[in-house]
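This report describes the overall build of a protein and then turns to its aromatic side chains. Please consult the sequence and structure below while reading.

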Amino acid sequence: TTEEVEKIADNDSNSEGGVTPEFKAAMDKYEAFYDEYCDFMKKYISADPASSLGMLEDYTKMLGRLDEMNKSLDEMGEKEMSTADYNYYIDVTARIEKKLLSAMQ
């Protein structure tokens, strides 16, 4: 509808570069977490079995942090995203996917 188009245009024009600052900060934090997660997984994969068991506590903490970030992103809601926010979301998730694939090799 015209109302929805106007809302998207308002969202796009009210933020720097079109991406809502709060959304960008949340996505940057999300990507930084996955950078840390990928580093952890690389270390875990190359660790000897004796030390990998000791890493379980760190992994559990990471999963808790991931859950908190996912809840935070969910609270923002997709309806609140501008077109630029969606594009940034796609860019960030694509980078994360590449990092995850690289970490598992």
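## Overall organisation

Of the 105 residues in the protein, 28% are buried, where buried means under 20% relative accessible area, exposed over 50%, and partly exposed in between (1.4 Å probe, protein chains only). This is a predicted model, in which local features need pLDDT of at least 70 and side-chain atom pairs count only at pLDDT 80 or more, while totals for chains, interfaces and linings use all residues. Residues are numbered from 1 along each chain as its sequence is written, and side-chain values use heavy atoms, with hydrogens and water left out.

The protein contains five helices and zero strands, and its elements follow the order α-α-α-α-α from the N terminus. Helices (H or I, at least four residues) and strands (E, at least two) are DSSP runs, numbered from the N terminus. Among contacts with a separation of 6 or more, 81% are between residues 24 or more positions apart; a contact means heavy atoms within 4.5 Å.

## Aromatic pairs and cluster

Seven aromatic pairs are present in the structure. Rings of Phe, Tyr and Trp (its six-membered ring) pair if their centres lie within 6.5 Å; planes under 30 degrees apart count as stacked, over 60 as edge-to-face and the rest as tilted. The pair of Y37 and Y59 is tilted, because the ring centres are 6.2 Å apart and the planes stand at 40°. This pair links distant parts of the chain, with Y37 in helix α2 and Y59 in helix α4 (residues 56–76), 22 residues apart. Y37 counts as buried at 14% relative accessibility, whereas Y59 is partly exposed at 26%.

The rings of F40 and Y44 are stacked, since their centres lie 6.4 Å apart and their planes are at 15°. F40 and Y44 are four residues apart in helix α2 and therefore separated by about one helical turn. F40 is buried, at 9% relative accessible area. One aromatic cluster is formed by Y30, F33, Y34, Y37, F40, Y44 and Y59.

## Surface

The accessible surface of the protein is about 7,400 Å², and carbon and sulfur atoms contribute 54% of this. Accessible areas come from the Shrake-Rupley method with a 1.4 Å probe; for residues, only the protein chains shown count as cover.

Y44 lies in helix α2 (residues 21–46) and is partly exposed at 38% relative accessibility. Together with I45 and M104, Y44 forms a nonpolar surface patch with about 290 Å² of accessible area.

Notes
Patches are made of residues with over 30% relative accessible area and no salt bridge: like charges are joined within 9 Å, nonpolar side chains (Val, Leu, Ile, Met, Phe, Trp, Tyr) within 5 Å. A salt bridge is a side-chain nitrogen of Lys or Arg within 4 Å of a carboxyl oxygen of Asp or Glu.
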